[in-house]
Amino acid sequence: MRGFMAIELWFFPVMTVFLSWGVMAFLPKLILKTLSPLDIIVYQGVLFLAMVCLVVFFFFDGVEWTREGALFGIATGMMGTLGQYFNLRALRVGPVSGVVLIASLYPGVAVLLAYLVLGEPVTLRQFAGFVLGLTAIVLLVRADDKRAV
Amino acid sequence: MTKEQSDHKWVLFAIGALLSWGIWAFLPKVALQSIPPHSVLFYESLGGFIAAVPVFVLLRGKVGRDRRGISLAFFATVLLLIASFAFLLALKSAPVVVVVTITSLYPIITLLLARFFLKEKINRQQILACLCALAAIYLLAG
């Protein structure tokens, strides 16, 4: 019962991200027909900030501030955009399959950092799930590469 | 630039994306230790805006103005907002290994959407990938 309750807490938001990103992955194909990748970064930067401001100030009591929270929060946004920029630069000169394969292994970096910096333990079951997840990503990228050929 | 140099360059950029996104997926966990998800979301969007400024300068202010493209970018940003908030809520109550691994399996959804809406065929390797992904979700959710 305790395990079921623990799943309840995070499973819905995780599945929301899973589904939203899945639909989002469809959209660039359409957007890139009329806007450049750099245009998208600019529009996304402006629109995302505007929407978040509206949501935060209408549905919450403003923004809380701690130096650590603000710095790491801002760094998160900058890293996301920097990753997007590096990915686009890599795609301009490199093969799509190779770039996507390398970049999609980012969960490995995140899990390693969580272990090294926060000391977040990884159980054998979670490690097996993590390896299977990475295997699924590699298989998907390779399958997409074959279809492109 | 020789072909060899060019090859070397894309690997470096791809590794840059790998590291940036790896750090991007990890950093909110630290921020969430002192402020709630909606506040982290605000600072994250501020960081994204700050990073977009040099790109705007690089483009010399000449940003594409196609209405359809902007409308789709708007819709994509709405989804980004939903996903980002849900990502922070999940990170608040679950380990990084669980949240980041399951959410990174989103291409499965794209694959299924392409199958049902575009009638694209799914090959054996993709079926195997789906099975691995489901097994991964089962193990991580347990």
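User: Which residues of α3(B) meet which residues of α4(B)?

Analyst: This is a predicted model, so keep that in mind throughout. On the α3(B) side you have B:F87, B:A90 and B:L91, and they meet B:V96, B:V99, B:V100 and B:T103 in α4(B). Sorted by type, the residues of this contact come out as six nonpolar, one polar and no charged.

User: Why are α3(B) and α4(B) called roughly antiparallel?

Analyst: Look at the angle. Helix α3 (residues 67-93) of chain B and helix α4 (residues 96-103) of chain B pack at about 150°, with axes 8 Å apart. Angles over 145 degrees count as roughly antiparallel, so α3(B) and α4(B) get that label.

User: Why is α4(B) said to be largely enclosed by the rest of the structure?

Analyst: Count the buried residues: eight of the eight in α4(B) qualify, so the helix is largely enclosed. They are B:V96, B:V97, B:V98, B:V99, B:V100, B:T101, B:I102 and B:T103. Buried here means under 20% relative accessible area.

User: Which residues of α5(B) are buried, and what follows that helix?

Analyst: In helix α5 (residues 107-117) of chain B, the buried ones are B:I108, B:I109, B:T110, B:L111, B:L113 and B:A114. After α5(B) comes B:K119, with a positive phi near 60°.

User: Over in chain A, how do you know that A:T81 is buried?

Analyst: Its relative accessible area is 11%. The cut-off is under 20%, so A:T81 counts as buried. You'll find A:T81 in helix α4 (residues 67-93) of chain A.

User: What is A:T81 in contact with, leaving aside its neighbours within four places in sequence?

Analyst: Its partners are A:I41 from chain A, plus B:G48 and B:A51 from chain B. As for A:Q44, it lies 37 residues from A:T81 along the chain, with 9.5 Å between their C-alpha atoms.

User: How many residues does each chain put into the contact, and how much area gets buried?

Analyst: Chain A supplies 101 residues and chain B supplies 111. Between them the two chains bury about 10,000 Å², 80% of it on carbon and sulfur atoms. In chain A, the residues losing the most area to chain B are A:F18, A:W21 and A:F48, together 7% of what that side buries.

User: What share of the contacts in chain A join residues at least 24 apart?

Analyst: That share is 55%, taken among contacts between residues at least 6 apart in sequence.

Methods: Residues are numbered from 1 along each chain as its sequence is written. Chains are lettered from A and ligands numbered from 1 in the order in which they are written. This is a predicted model: local features need pLDDT of at least 70, side-chain atom pairs count only at pLDDT 80 or more; totals for chains, interfaces and linings use all residues. Side-chain values use heavy atoms; hydrogens and water are left out. Contact means heavy atoms within 4.5 Å. Axes are lines fitted to C-alpha atoms, for helices over the stretch in contact, and angles run from 0 to 180 degrees between N-to-C directions. Helices (H or I, at least four residues) and strands (E, at least two) are DSSP runs, numbered from the N terminus. Angles under 35 degrees count as roughly parallel, over 145 as roughly antiparallel, 65 to 115 as roughly perpendicular and the rest as oblique. Ala, Val, Leu, Ile, Met, Phe, Trp, Tyr, Cys and Pro count as nonpolar, Asp, Glu, Lys and Arg as charged, and the others, Gly among them, as polar. Buried area is the accessible area (1.4 Å probe) that two parts lose on being put together, summed over both. Buried means under 20% relative accessible area, exposed over 50%, partly exposed in between (1.4 Å probe, protein chains only).
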